Amino acid sequence: MSSVMMPGGPVADAVFVDLAPRVAKLIEGGHTPGLATVLIGDDEPSARYVGMKMQKAAELGCNSPHVHLPADVSTQQAINAVEALNADPTVDAMLVQYPGPPQVDFDAVLLAVDPDKDVDGMHPTNVGRLALGIPGPVACTPAGIEALLAHYDVPVAGQDVVIVGRGVTIGRPLSILLSQKRPTANAAVTVVHTGVADWAEHTRRADILIAAAGVPGMIQPEHIKPGGVVVGAGVQYEGRKLLPDVDEACEEVAGWITPRVGGVGPTTIALLFRNFVEAAERHANAA
Ligand SMILES: NC(=O)c1ccc[n+]([C@@H]2O[C@H](COP(=O)([O-])OP(=O)(O)OC[C@H]3O[C@@H](n4cnc5c(N)ncnc54)[C@H](OP(=O)(O)O)[C@@H]3O)[C@@H](O)[C@H]2O)c1
(Lines give C-alpha, C1' and ligand atoms only; values in the text may rest on other atoms or scores of the structure.)
Protein backbone atom coordinates (compact mmCIF):
# COMPACT_ATOMS: atom_id res chain seq x y z
CA MET A 1 0.00 0.00 0.00
CA SER A 2 1.22 3.49 -0.74
CA SER A 3 -0.18 6.34 1.29
CA VAL A 4 -1.81 9.59 0.17
CA MET A 5 0.53 12.54 0.69
CA MET A 6 -0.58 15.61 2.62
CA PRO A 7 1.86 18.39 1.62
CA GLY A 8 1.71 21.61 3.62
CA GLY A 9 2.15 23.90 0.59
CA PRO A 10 -1.50 23.85 -0.59
CA VAL A 11 -2.66 24.39 3.01
CA ALA A 12 -0.40 27.43 3.34
CA ASP A 13 -1.54 28.72 -0.08
CA ALA A 14 -5.18 28.52 1.05
CA VAL A 15 -4.36 30.47 4.22
CA PHE A 16 -2.56 33.19 2.23
CA VAL A 17 -5.44 33.37 -0.28
CA ASP A 18 -7.67 34.17 2.69
CA LEU A 19 -5.20 36.67 4.19
CA ALA A 20 -4.29 38.69 1.06
CA PRO A 21 -7.64 40.54 0.68
CA ARG A 22 -7.77 41.13 4.43
CA VAL A 23 -4.35 42.81 4.27
CA ALA A 24 -5.43 44.82 1.20
CA LYS A 25 -8.52 46.00 3.10
CA LEU A 26 -6.40 47.08 6.07
CA ILE A 27 -4.02 49.02 3.81
CA GLU A 28 -6.95 50.69 1.99
CA GLY A 29 -8.27 51.72 5.40
CA GLY A 30 -4.93 53.41 6.20
CA HIS A 31 -3.49 50.70 8.44
CA THR A 32 -0.48 48.96 6.88
CA PRO A 33 0.19 45.88 9.04
CA GLY A 34 3.65 45.79 10.63
CA LEU A 35 5.44 42.58 11.61
CA ALA A 36 8.65 43.29 13.54
CA THR A 37 11.40 40.69 13.73
CA VAL A 38 14.10 40.53 16.40
CA LEU A 39 17.27 38.52 15.81
CA ILE A 40 19.78 38.17 18.62
CA GLY A 41 23.25 37.17 17.43
CA ASP A 42 24.31 35.69 14.11
CA ASP A 43 22.95 32.14 14.08
CA GLU A 44 22.66 31.37 10.37
CA PRO A 45 19.45 29.26 10.33
CA SER A 46 17.78 31.85 12.60
CA ALA A 47 18.80 34.65 10.22
CA ARG A 48 17.38 32.60 7.33
CA TYR A 49 14.02 32.05 9.09
CA VAL A 50 13.76 35.76 9.92
CA GLY A 51 14.65 36.69 6.32
CA MET A 52 11.95 34.35 4.97
CA LYS A 53 9.31 35.95 7.18
CA MET A 54 10.37 39.49 6.23
CA GLN A 55 10.17 38.54 2.56
CA LYS A 56 6.70 37.05 2.99
CA ALA A 57 5.55 40.19 4.83
CA ALA A 58 6.85 42.33 1.95
CA GLU A 59 5.06 40.12 -0.61
CA LEU A 60 1.81 40.75 1.25
CA GLY A 61 2.47 44.52 1.18
CA CYS A 62 3.18 44.73 4.93
CA ASN A 63 5.94 46.51 6.80
CA SER A 64 8.59 44.38 8.50
CA PRO A 65 10.94 46.47 10.65
CA HIS A 66 13.93 44.40 11.75
CA VAL A 67 15.99 44.67 14.92
CA HIS A 68 19.34 42.86 14.89
CA LEU A 69 20.97 42.74 18.32
CA PRO A 70 24.63 41.76 18.74
CA ALA A 71 25.49 38.31 20.09
CA ASP A 72 26.88 39.79 23.35
CA VAL A 73 23.67 41.66 24.22
CA SER A 74 22.35 41.38 27.79
CA THR A 75 18.87 40.12 28.69
CA GLN A 76 17.91 43.66 29.74
CA GLN A 77 19.04 45.12 26.40
CA ALA A 78 16.96 42.52 24.57
CA ILE A 79 13.97 43.33 26.80
CA ASN A 80 14.46 47.05 26.07
CA ALA A 81 14.29 46.34 22.32
CA VAL A 82 11.08 44.34 22.79
CA GLU A 83 9.53 47.09 24.92
CA ALA A 84 10.30 49.67 22.24
CA LEU A 85 8.39 47.51 19.73
CA ASN A 86 5.53 47.06 22.25
CA ALA A 87 5.21 50.86 22.37
CA ASP A 88 5.44 51.35 18.58
CA PRO A 89 1.92 51.79 17.11
CA THR A 90 3.15 50.82 13.62
CA VAL A 91 4.07 47.35 14.92
CA ASP A 92 1.08 44.98 15.15
CA ALA A 93 3.00 41.82 15.98
CA MET A 94 6.55 40.74 16.62
CA LEU A 95 8.67 37.69 16.35
CA VAL A 96 11.67 37.17 18.61
CA GLN A 97 13.65 34.45 16.86
CA TYR A 98 14.62 31.49 19.01
CA PRO A 99 17.30 30.46 20.00
CA GLY A 100 19.36 33.35 21.35
CA PRO A 101 22.87 33.36 22.79
CA PRO A 102 23.22 31.51 26.13
CA GLN A 103 23.59 34.63 28.32
CA VAL A 104 20.15 35.87 27.24
CA ASP A 105 17.25 34.61 29.37
CA PHE A 106 14.93 33.90 26.46
CA ASP A 107 11.92 33.21 28.69
CA ALA A 108 12.31 36.68 30.24
CA VAL A 109 12.48 38.24 26.75
CA LEU A 110 9.39 36.32 25.63
CA LEU A 111 7.55 37.42 28.77
CA ALA A 112 8.29 41.06 27.88
CA VAL A 113 6.40 40.80 24.55
CA ASP A 114 2.96 42.39 24.70
CA PRO A 115 0.68 39.30 24.49
CA ASP A 116 -1.44 41.21 21.98
CA LYS A 117 1.62 41.42 19.65
CA ASP A 118 2.79 37.84 20.24
CA VAL A 119 2.81 36.38 16.71
CA ASP A 120 4.04 32.95 17.87
CA GLY A 121 1.22 32.43 20.36
CA MET A 122 3.84 31.28 22.89
CA HIS A 123 3.44 34.01 25.52
CA PRO A 124 2.13 32.48 28.77
CA THR A 125 -0.97 34.69 28.52
CA ASN A 126 -1.78 33.21 25.12
CA VAL A 127 -1.01 29.64 26.19
CA GLY A 128 -3.39 30.33 29.11
CA ARG A 129 -6.03 31.67 26.71
CA LEU A 130 -5.67 28.48 24.65
CA ALA A 131 -6.13 26.33 27.76
CA LEU A 132 -9.20 28.34 28.78
CA GLY A 133 -10.68 28.47 25.27
CA ILE A 134 -10.39 32.28 25.03
CA PRO A 135 -9.66 33.59 21.50
CA GLY A 136 -6.09 34.80 20.93
CA PRO A 137 -2.94 33.98 18.97
CA VAL A 138 -2.48 30.19 18.92
CA ALA A 139 0.93 28.48 18.76
CA CYS A 140 1.67 28.33 15.03
CA THR A 141 2.80 24.73 14.50
CA PRO A 142 -0.14 23.19 16.41
CA ALA A 143 -2.56 25.54 14.62
CA GLY A 144 -0.90 24.58 11.32
CA ILE A 145 -1.39 20.87 12.07
CA GLU A 146 -5.10 21.41 12.80
CA ALA A 147 -5.40 23.40 9.54
CA LEU A 148 -3.57 20.66 7.61
CA LEU A 149 -5.91 17.92 8.85
CA ALA A 150 -8.95 20.09 8.09
CA HIS A 151 -7.63 20.94 4.60
CA TYR A 152 -7.34 17.24 3.69
CA ASP A 153 -10.76 16.46 5.22
CA VAL A 154 -9.21 14.10 7.75
CA PRO A 155 -11.88 13.37 10.35
CA VAL A 156 -10.53 14.37 13.77
CA ALA A 157 -13.64 14.57 15.94
CA GLY A 158 -14.04 11.45 18.05
CA GLN A 159 -10.83 9.92 16.69
CA ASP A 160 -7.91 8.49 18.66
CA VAL A 161 -5.11 11.02 18.29
CA VAL A 162 -1.72 10.10 19.75
CA ILE A 163 0.95 12.79 20.00
CA VAL A 164 4.56 11.73 20.54
CA GLY A 165 6.21 14.50 22.57
CA ARG A 166 4.97 16.95 25.20
CA GLY A 167 7.20 19.86 24.21
CA VAL A 168 5.96 23.40 24.66
CA THR A 169 6.22 24.22 20.94
CA ILE A 170 4.10 21.37 19.61
CA GLY A 171 2.96 18.47 21.81
CA ARG A 172 1.55 20.31 24.79
CA PRO A 173 -0.39 23.09 22.99
CA LEU A 174 -1.50 20.65 20.27
CA SER A 175 -2.96 18.29 22.86
CA ILE A 176 -5.10 21.17 24.17
CA LEU A 177 -6.06 22.37 20.70
CA LEU A 178 -7.20 18.99 19.34
CA SER A 179 -9.21 18.14 22.45
CA GLN A 180 -11.26 21.35 22.21
CA LYS A 181 -14.93 21.19 21.25
CA ARG A 182 -14.76 22.22 17.58
CA PRO A 183 -15.64 20.30 14.43
CA THR A 184 -11.96 20.25 13.34
CA ALA A 185 -10.81 19.01 16.77
CA ASN A 186 -12.90 17.25 19.48
CA ALA A 187 -10.60 14.21 19.51
CA ALA A 188 -9.61 11.68 22.20
CA VAL A 189 -6.00 12.84 22.66
CA THR A 190 -3.18 10.84 24.24
CA VAL A 191 0.31 12.31 24.73
CA VAL A 192 3.30 9.96 25.05
CA HIS A 193 6.86 10.88 26.05
CA THR A 194 9.97 9.37 27.61
CA GLY A 195 7.98 8.56 30.73
CA VAL A 196 5.83 6.07 28.77
CA ALA A 197 7.95 2.95 28.36
CA ASP A 198 5.72 1.22 25.79
CA TRP A 199 4.72 4.30 23.81
CA ALA A 200 4.27 2.15 20.69
CA GLU A 201 1.33 0.39 22.36
CA HIS A 202 -0.44 3.77 22.09
CA THR A 203 0.81 4.84 18.66
CA ARG A 204 -0.22 1.51 17.08
CA ARG A 205 -3.91 2.18 17.81
CA ALA A 206 -3.80 5.83 16.74
CA ASP A 207 -6.23 6.89 14.04
CA ILE A 208 -4.00 9.98 13.82
CA LEU A 209 -0.38 9.82 14.95
CA ILE A 210 1.51 13.09 15.31
CA ALA A 211 5.26 12.79 15.79
CA ALA A 212 6.75 15.77 17.64
CA ALA A 213 9.76 14.33 19.46
CA GLY A 214 12.74 15.49 17.41
CA VAL A 215 14.22 11.97 17.29
CA PRO A 216 15.17 11.12 13.68
CA GLY A 217 13.61 7.89 12.40
CA MET A 218 11.87 7.17 15.72
CA ILE A 219 8.56 6.28 14.05
CA GLN A 220 8.87 3.05 12.06
CA PRO A 221 6.15 1.13 10.17
CA GLU A 222 5.54 -1.21 13.12
CA HIS A 223 4.62 1.80 15.29
CA ILE A 224 1.68 2.95 13.18
CA LYS A 225 -1.83 1.70 12.50
CA PRO A 226 -2.10 0.38 8.92
CA GLY A 227 -4.18 2.84 6.91
CA GLY A 228 -3.97 5.47 9.67
CA VAL A 229 -3.00 9.13 9.41
CA VAL A 230 0.60 10.12 10.21
CA VAL A 231 1.78 13.71 10.66
CA GLY A 232 5.52 14.24 11.00
CA ALA A 233 6.30 17.47 12.85
CA GLY A 234 9.50 16.64 14.73
CA VAL A 235 12.77 17.23 12.92
CA GLN A 236 16.43 17.61 13.60
CA TYR A 237 18.94 19.31 11.34
CA GLU A 238 22.35 18.05 10.30
CA GLY A 239 23.66 21.22 8.69
CA ARG A 240 20.92 21.98 6.18
CA LYS A 241 19.81 18.34 5.98
CA LEU A 242 16.42 17.62 7.51
CA LEU A 243 16.12 14.48 9.66
CA PRO A 244 12.43 13.79 10.35
CA ASP A 245 10.97 11.70 13.20
CA VAL A 246 8.95 9.60 10.74
CA ASP A 247 10.88 7.04 8.74
CA GLU A 248 10.26 6.97 4.99
CA ALA A 249 9.13 3.31 5.19
CA CYS A 250 5.96 4.47 7.01
CA GLU A 251 4.69 5.69 3.63
CA GLU A 252 4.02 2.04 2.75
CA VAL A 253 1.79 1.47 5.80
CA ALA A 254 -0.03 4.75 6.52
CA GLY A 255 -3.23 5.73 4.73
CA TRP A 256 -2.40 9.45 4.80
CA ILE A 257 0.99 10.95 5.61
CA THR A 258 2.85 14.27 5.45
CA PRO A 259 5.88 14.33 3.15
CA ARG A 260 9.29 14.27 4.84
CA VAL A 261 10.03 17.73 3.44
CA GLY A 262 7.31 20.38 2.94
CA GLY A 263 4.79 18.92 5.38
CA VAL A 264 4.12 20.82 8.58
CA GLY A 265 6.75 23.57 8.00
CA PRO A 266 4.82 25.65 5.40
CA THR A 267 1.67 25.52 7.53
CA THR A 268 3.57 26.88 10.55
CA ILE A 269 4.61 29.99 8.60
CA ALA A 270 1.11 30.49 7.19
CA LEU A 271 -0.49 30.31 10.64
CA LEU A 272 2.09 32.77 11.98
CA PHE A 273 0.88 35.20 9.32
CA ARG A 274 -2.73 34.52 10.31
CA ASN A 275 -1.87 35.51 13.90
CA PHE A 276 -0.17 38.64 12.49
CA VAL A 277 -3.10 39.71 10.30
CA GLU A 278 -5.59 39.07 13.12
CA ALA A 279 -3.48 41.31 15.40
CA ALA A 280 -3.48 44.05 12.74
CA GLU A 281 -7.27 43.73 12.36
CA ARG A 282 -7.72 44.05 16.13
CA HIS A 283 -5.55 47.16 16.21
CA ALA A 284 -7.25 48.75 13.18
CA ASN A 285 -10.70 48.11 14.68
CA ALA A 286 -9.63 49.56 18.03
CA ALA A 287 -8.21 52.75 16.46
N1 LIG B 1 7.86 21.33 11.58
C2 LIG B 1 7.84 22.51 12.20
O3 LIG B 1 7.39 23.52 11.67
C4 LIG B 1 8.38 22.58 13.58
C5 LIG B 1 8.17 23.72 14.35
C6 LIG B 1 8.63 23.74 15.65
C7 LIG B 1 9.31 22.63 16.15
N8 LIG B 1 9.55 21.55 15.36
C9 LIG B 1 10.24 20.34 15.86
O10 LIG B 1 9.32 19.62 16.67
C11 LIG B 1 10.01 18.86 17.65
C12 LIG B 1 9.35 19.03 19.00
O13 LIG B 1 9.56 20.34 19.48
P14 LIG B 1 9.00 20.79 20.91
O15 LIG B 1 9.67 22.07 21.23
O16 LIG B 1 7.53 20.72 20.93
O17 LIG B 1 9.48 19.60 21.87
P18 LIG B 1 10.86 19.38 22.66
O19 LIG B 1 10.98 20.40 23.74
O20 LIG B 1 11.97 19.23 21.67
O21 LIG B 1 10.55 17.99 23.37
C22 LIG B 1 10.54 16.76 22.70
C23 LIG B 1 9.49 15.86 23.29
O24 LIG B 1 9.64 14.56 22.72
C25 LIG B 1 9.72 13.59 23.74
N26 LIG B 1 10.66 12.53 23.36
C27 LIG B 1 11.96 12.69 22.99
N28 LIG B 1 12.52 11.49 22.77
C29 LIG B 1 11.56 10.57 23.02
C30 LIG B 1 11.55 9.16 23.00
N31 LIG B 1 12.63 8.45 22.64
N32 LIG B 1 10.40 8.53 23.34
C33 LIG B 1 9.30 9.21 23.68
N34 LIG B 1 9.25 10.57 23.72
C35 LIG B 1 10.37 11.23 23.40
C36 LIG B 1 10.25 14.32 24.97
O37 LIG B 1 9.84 13.64 26.12
P38 LIG B 1 10.18 14.19 27.61
O39 LIG B 1 9.25 15.35 27.85
O40 LIG B 1 9.86 13.03 28.48
O41 LIG B 1 11.63 14.59 27.59
C42 LIG B 1 9.59 15.69 24.81
O43 LIG B 1 8.31 15.71 25.38
C44 LIG B 1 11.46 19.30 17.54
O45 LIG B 1 12.12 18.35 16.77
C46 LIG B 1 11.40 20.61 16.77
O47 LIG B 1 12.56 20.81 16.01
C48 LIG B 1 9.07 21.49 14.08
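This is a predicted model: local features need pLDDT of at least 70, side-chain atom pairs count only at pLDDT 80 or more; totals for chains, interfaces and linings use all residues.
Figure 1. An oxygen atom of the ligand is placed 2.5 Å from an N or O atom in the side chain of T169. Backbone atoms also take part: a backbone N or O atom of R166 lies 2.7 Å from an oxygen atom of the ligand, and for V235 the separation between a backbone N or O atom and a ligand oxygen atom is 2.8 Å. The ligand is surrounded by 20 residues, of which the closest are R166, T169, I170, T194 and V235.

**Figure 2. Packing of helix α1 against helix α9.** Two packed helices are described by the angle between their axes and the distance between the axes. Helix α1 spans residues 9-28 and helix α9 residues 264-286; their axes are 9 Å apart and meet at an angle of about 20°. Because this angle falls under 35 degrees, α1 is roughly parallel to α9. The crossing of α1 past α9 is left-handed. On the α1 side, the contact consists of G9, V11, A12, V15, F16, L19, R22, V23 and L26. Their partners in α9 are P266, T267, I269, A270, L271, F273, R274, V277, E278, A280, E281 and A284. Classified by residue type, the contact of α1 with α9 holds 15 nonpolar, 2 polar and 4 charged residues.

**Figure 3. Packing of helix α2 against helix α9.** Helix α2, residues 44-59, packs with α9 at an angle of about 55°, and the two axes are 12 Å apart. This angle makes α2 oblique to α9. The crossing of α2 and α9 is right-handed. From α2, the contact involves M52, K53, K56 and A57, and from α9 it involves I269, L272 and F273. The contact of α2 with α9 comprises 5 nonpolar residues and 2 charged residues, with no polar residue. I269 and F273 of α9 take part in this contact and also in the contact with α1.

**Figure 4. The cis peptide bond between Y98 and P99.** Most residues other than glycine have a negative phi, and most peptide bonds are trans. The bond joining Y98 and P99 is cis, with omega about 0°. P99 is located in the loop between β4 (93-96) and α4 (106-112).

**Figure 5. The positive phi of D153.** D153, a residue other than glycine, has a positive phi, with a value near 55°. The loop that contains D153 runs between α6 (140-151) and β5 (160-164).

Note on methods. Residues are numbered from 1 along each chain as its sequence is written. Side-chain values use heavy atoms; hydrogens and water are left out. Axes are lines fitted to C-alpha atoms, for helices over the stretch in contact, and angles run from 0 to 180 degrees between N-to-C directions. Helices (H or I, at least four residues) and strands (E, at least two) are DSSP runs, numbered from the N terminus. Angles under 35 degrees count as roughly parallel, over 145 as roughly antiparallel, 65 to 115 as roughly perpendicular and the rest as oblique. A crossing is left-handed if the near helix is turned anticlockwise from the far one by less than a right angle, and right-handed if clockwise. Contact means heavy atoms within 4.5 Å. Ala, Val, Leu, Ile, Met, Phe, Trp, Tyr, Cys and Pro count as nonpolar, Asp, Glu, Lys and Arg as charged, and the others, Gly among them, as polar. A residue is near a molecule or strand if one of its heavy atoms lies within 4 Å of it. A polar contact is a pair of N or O atoms within 3.5 Å; within protein, one must be able to donate a hydrogen and the other to accept it, and residues adjacent in sequence count only if both atoms are side-chain atoms.
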